Amino acid sequence: MGTDIGGFTVFACPHCTKPLHLNRHEARCENNHLFDRSRDGYINLVVGGRLAATTTSGDTAESLRSRRDFFATGSYAPIASALANALQHITGPVLDVGCGEGYYFTHINSSEKYGIDISKKAVQMASKLLPDAHFAVASAFRLPVVDHSCAAVFSVFAPHSFEEYARVLKQGGTWVTVTPGPHHLQQMRPKRDQSIDEREERRSEPPAQAQHAERLQFELDLSPSTATDLFSMTPLVWQTAADASPTTHVSVDVWVSSGTSL
Ligand SMILES: C[S@@+](CC[C@H](N)C(=O)[O-])C[C@H]1O[C@@H](n2cnc3c(N)ncnc32)[C@H](O)[C@@H]1O
Ligand SMILES: [Zn+2]
């Protein structure tokens with residue numbers, strides 16, 4: 001249970017879009033739509049048809065545990081620092097879309113942290129890690145968030161919608177995305193032919209909407225168990241032979257892109 005237990009939030013009712021008011025046990029809108037708060041403080045805002053419309057249930061407990069163990073080594077601290085840097089002058093609510101187990105928010109200085117993820121296990125782990133933040137199970141493509149309520153919104157290696165960013169950001173609000181660059185984790189990828197590599201290269205550009213894009217590249221030498229954690233927390237795990245043991249030397253190559261809502 002979070003220490004910040006009540007009040008109005010940027011979360012909106014998924015039935016009627018009115019702001020949700022939180023108390024210790026529940027979230028409620030002015031039309032009396034009611035959502036239970038879990039023991040760890042998060043709410044589940046995926047309702048009825050929206051669940052059916054979602055083709056993924058998000059990251060599994062196993063991949064989330066790998067992610068947490070990997071982050072504990074500090075290997076992605078440069079990414080977290082670049083993100084924190086891009087958000088350093090923000091005052092007001094900050095929303096993490098596809099927040100996973102919550103790591104990136106531990107580096108961000110804000111007193112109003114909100115996160116959503118489609119994986120209930122992710123939201124549960126994030127709530128325990130950050131008891132003063134607010135988390136909800138929800139889809140990145142239908143954010144249960146009040147229009148023009150957020151000072152910033154960000155997403156790290158997670159699905160996101162620029163239409164939804166524009167809707168939830170205040171005028172002049174900032175968005176930040178972290179997305180893979182062309183050489184990201186290339187040593188862990190299965191070998192492919194050149195034409196596929198060229199297509200991937202084009203897909204690995206910063207988003208067209210970006211007003212700024214900073215490319216961050218560094219090399220990692222990992223222990224075998226940390227390499228396995230990194231491998232298990234990425235979609236690569238599904239694309240590679242089960243008995244392949246992941247390489248311990250990897251290149252990190254990401255775009256930290258940002259823009260301002262007009
Ligand atoms: C690669 S992980 C990144 C998590 C976190 N941002 C991080 O970097 O540690 C992608 C996350 O997006 C979530 N996800 C996948 N599809 C989603 C959707 N449609 N809406 C919201 N979250 C989604 C997954 O459950 C997972 O936690
Ligand atoms: Zn409602």
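Q: What share of the contacts in the protein with a separation of 6 or more comes from residues 24 or more positions apart?
A: This is a predicted model, where local features need pLDDT of at least 70, side-chain atom pairs count only at pLDDT 80 or more, and totals for chains, interfaces and linings use all residues. Residues are numbered from 1 along each chain as its sequence is written, with chains lettered from A and ligands numbered from 1 in the order in which they are written. Two residues are in contact here if their C-beta atoms, placed from the backbone, lie within 7 Å. Among contacts with a separation of 6 or more, the share from residues 24 or more positions apart is 62%.

Q: What percentage of the 262 residues is buried?
A: Buried means that 20 or more other C-beta atoms lie within 10 Å of a residue's own (exposed is 12 or fewer, partly exposed is in between; C-beta atoms are placed from the backbone). By that count, the buried part of the protein is 41%.

Q: How many strands does the protein have?
A: Helices (H or I, at least four residues) and strands (E, at least two) are DSSP runs, numbered from the N terminus. Along with 7 helices, the number of strands is 12.

Q: Which residue in the turn between β1 and β2 has a positive phi?
A: Strands pair if DSSP finds at least two bridges between them, and β1 (residues 7-12) runs antiparallel to β2 with 3 bridges. Ala12 sits opposite Pro19 in β2. The hairpin has 6 residues between its strands, and the one with a phi of about 70° is Thr17.

Q: What is the bridge partner of His21 in β3?
A: β2 is also antiparallel to β3 (residues 26-28), with 2 bridges joining them. A hairpin through 3 residues connects β2 and β3. Facing His21 across that pair is Arg28.

Q: Which residues make up the covered face of β2?
A: In a regular strand, side chains alternate between the two faces of the sheet. In β2 (residues 19-22), Pro19 and His21 are on the uncovered face, while the covered one has Leu20 and Leu22.
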